[in-house]
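Here is a friendly tour to read alongside the model. Have your viewer open and follow the topics in turn.

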Amino acid sequence: MSAPLPYYRRAPLRFQCTGCGACCTGGVNHEVALTAREAEKIRQALGISQAWLRKRYLTSDNSDQPGIRLGRDGRCPFLGHNGRCRIYAARPRQCRTYPWWPELISSRAAWQDEAKRCEGMNRGAVVPLERIERALAADRKK
Ligand code: SF4
Ligand code: SF4
């Protein structure tokens, strides 16, 4: 017997980002992973030195495995006071592919649970399956 299809292939998923910023304010287990290339893109976008980027914004001095250092409340330091990402064009893949993460779209329970945080889920038009699968493929390449 074959395994059941993941939720996103069984049900049409609607999503329209409102720009509320809630996904950038985290939670206790929140983390934003970066590749070294993504960290470099952020550094260039901010126009700062590597040393300052690491000291001020990254979790690790090991540039192969950096992450964004979030505030104690889980807030991303790149979230501006206007609720917008200050490095939007250089934001990492993890941010670009949200909410199309395997753990969020594989079951209805996970999707609905995340929708309590993200008001864009279950809002707007149905997102084409191809778009979701492109995001999943991008996520797998990291
Ligand atoms: S990098 Fe930008 S999009 Fe990603 S969590 Fe931070 S503020 Fe949000
Ligand atoms: S929580 Fe959802 S609606 Fe709000 S900014 Fe993030 S993706 Fe958009």
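**The nonpolar core**

The largest nonpolar core has 18 residues, and those with the most contacts inside it are L13, W100, I105, W111, M121 and I132. A nonpolar core here is a set of buried Ala, Val, Leu, Ile, Met, Phe, Trp, Tyr and Cys residues joined through side-chain atoms within 4.5 Å. Two or more residues of this core come from each of α1 (7–10), α5 (102–105), α6 (108–115) and α7, with α7 giving the most, 3 residues. In soluble globular proteins, nonpolar side chains tend to be buried together.

This is a predicted model, in which local features need pLDDT of at least 70, side-chain atom pairs count only at pLDDT 80 or more, and totals for chains, interfaces and linings use all residues. Residues are numbered from 1 along each chain as its sequence is written, chains are lettered from A and ligands numbered from 1 in the order in which they are written, and side-chain values use heavy atoms, with hydrogens and water left out.

**Overall layout**

- The protein has 7 helices and 4 strands; helices (H or I, at least four residues) and strands (E, at least two) are DSSP runs, numbered from the N terminus.
- Reading from the N terminus, the elements follow the order α-β-β-α-α-β-α-α-α-β-α.
- Along the principal axes, the C-alpha atoms fill a box of roughly 50 × 35 × 25 Å.
- Of the 142 residues in the protein, 37% are buried; buried means under 20% relative accessible area, exposed over 50%, and partly exposed in between (1.4 Å probe, protein chains only).

**The largest pocket**

- The largest pocket holds about 740 Å³ of space. For the search, a 1 Å grid is laid over the protein atoms alone, and a pocket is an open set of points where a 1.4 Å probe fits, with protein on both sides within 12 Å along at least five of seven lines. Grid points are joined across faces, edges and corners, and the volume is the space filled by probe spheres set on the points.
- The pocket is lined by 36 residues, of which C23, C24, Y88, R91 and C95 are the closest to its centre; lining residues have an atom within 4 Å of a point.
- By class, that lining divides into 21 nonpolar, 8 polar and 7 charged residues. Ala, Val, Leu, Ile, Met, Phe, Trp, Tyr, Cys and Pro count as nonpolar, Asp, Glu, Lys and Arg as charged, and the others, Gly among them, as polar.
- Both α4 (93–97) and α7 (129–140) supply at least two residues of the lining, and α4 gives the most, with 4 residues.

**The two ligands**

- Ligand 1 sits in the largest pocket, and ligand 2 sits in the largest pocket too; a molecule sits in a pocket if more than half of its atoms lie within 2 Å of the pocket's grid points.
- Around ligand 1 are C24, C76, F78, L79, C85, I87 and C95; a residue is included if one of its heavy atoms lies within 4 Å of the molecule. This shell has 7 nonpolar, no polar and no charged residues.
- Around ligand 2 are F15, C17, T18, G19, C20, G21, A22, C23, Y98, C118 and G120. Its shell divides into 7 nonpolar, 4 polar and no charged residues.

**Backbone details**

- The peptide bond from Y98 to P99 is cis, with omega near 5°, and P99 belongs to the loop between α4 and α5.
- N122, in strand β4 (residues 121–126), has phi near 70°, a positive value in a residue other than glycine. N122 is partly exposed, with a relative accessible area of 30%.

**Individual residues and distances**

- R134 is part of helix α7 and counts as exposed because its relative accessibility is 56%.
- G80 is in the loop between β3 (67–68) and α4, and counts as buried because its relative accessibility is 8%. G80 and G21 are 59 residues apart in sequence, with their C-alpha atoms 9.2 Å apart in space.
- P102 belongs to helix α5 and is partly exposed, at 36% relative accessibility. The C-alpha atoms of P102 and A22 are separated by 19 Å, and the two residues are 80 apart along the chain.
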